[in-house]
Amino acid sequence: MRPFEIYLAVACIAAILWPALFGVRPRRGIMAVALPVLAIVQWQAEGYRWPLLPLYLLTLGLAVGDFITLERKLPWHRRAGRALFGTLGLALVLAPAFAFPVPRLPVPSGPMEIGTHTFELTHPELREEYGQSRGRRRITVQLWYPANPEEGANPVPWDPNADVIAPAVARRIGVPGFLFGSASHTVSHSYPDAPVEAGGFPLIVFSHGWEGFPAISLGQIENLVSQGYVVAAIGHTHAAVVTMIEGEPVYLDEEALGAEDADDTQRAEAEAALIDTMAADITLVLDEIEAGDDGAFGSLTRAVDPGAIGLWGHGFGGGAAIQVCLTDERCDAVAAQDPRVETLPDPVLANTA
């Protein structure tokens, strides 16, 4: 639980158990004022989330009860009942908050602070073959880099579009969307648009897998940046669970891996085409980095050492990363987690020799 959630819970515990322990209620009006004030402060400081609803209702009930109850002393049998049933009730009320906590990201191990900025890139020639749009293909890229944030700056959420991504992920795995609601309150260790740290840092381009999204590996990304790397994570439109383009969600294209009735050959062709598209996204990022101040990333490219570029990917993104690194001399190293390489072309794989 978050700090103000704990303060509110402790206040409710005190309101219930104080009369049970000491046989007398606190002076009338104290709890009637303190509990609603704490609830409002918590709501404003940390935000509402559904597992706290029973706690809010308990807070309201205790506040009203304190206001309308005239009797301040409790006989021993009521003290015993309040202790027993009050403890059981508190356990039930607080259970959702403990069962569905706000996830916490691991603290980066390096000494450097982290800045971040999200860009939208448009391919100069590649046409979109997925979804409903047939214009030029557009992707998002979130950049994390060593930074000097201003004093008092606040870090961004783990993903600025968590309120869209979390329900989309929930739908993909077949659970109610509200179960992931607390994720939107998770705070990262990255500061928006923070001034970049001087120096040339190695660049890592991250390519997520099927149904992924750029911040899916944020713990690893922030740890790398804190150690002196720049990380560019691509949102592969229509391969990502959802991509935000001009503020609007663009969802996964279910048929990008082939129609439901596709045979093995057709599915392999669809997979190869998707990896080609994801590889083109990676190449676009490398092109924009190489363009320097004139490219889409502008002056942030000054933080990058163009002679130290690595690719990192997962699943289909891992296959795309391998494909690019075997064919593009700008790539110095590649790391892939469970990469999809079965459909990579033979001429590409021949470059491993």
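What is the torsion about the S-S bond of Cys325 and Cys331, and is the disulfide left-handed or right-handed?

## The disulfide

The torsion sits at about -80°, so the Cys325 and Cys331 disulfide is left-handed. Keep in mind that this is a predicted model, where local features need pLDDT of at least 70, side-chain atom pairs count only at pLDDT 80 or more, and totals for chains, interfaces and linings use all residues. Residues are numbered from 1 along each chain as its sequence is written, and side-chain values use heavy atoms, with hydrogens and water left out.

There's one disulfide in the structure (a pair of cysteine sulfur atoms within 2.5 Å). The sulfur atoms of Cys325 and Cys331 are 1.9 Å apart, and both residues are buried (under 20% relative accessible area, with a 1.4 Å probe and protein chains only). Cys12 counts as buried too, because its relative accessibility is 0%.

## Helix 7 against helix 8

Helix 7 covers residues 264–290 and helix 8 covers residues 316–327; they pack at about 60°, axes 8 Å apart (helices being DSSP runs of H or I, at least four residues, numbered from the N terminus, and axes being lines fitted to C-alpha atoms over the stretch in contact, with angles from 0 to 180 degrees between N-to-C directions).

On the helix 7 side, the contact (heavy atoms within 4.5 Å) includes Leu274, Met278 and Ile282, while helix 8 brings residues including Phe316, Gly319 and Val324. The contact residues divide into ten nonpolar, four polar and two charged (Asp, Glu, Lys and Arg are charged; Ala, Val, Leu, Ile, Met, Phe, Trp, Tyr, Cys and Pro nonpolar; the others, Gly among them, polar).

Notes: Buried means under 20% relative accessible area, exposed over 50%, partly exposed in between (1.4 Å probe, protein chains only). Helices (H or I, at least four residues) and strands (E, at least two) are DSSP runs, numbered from the N terminus.
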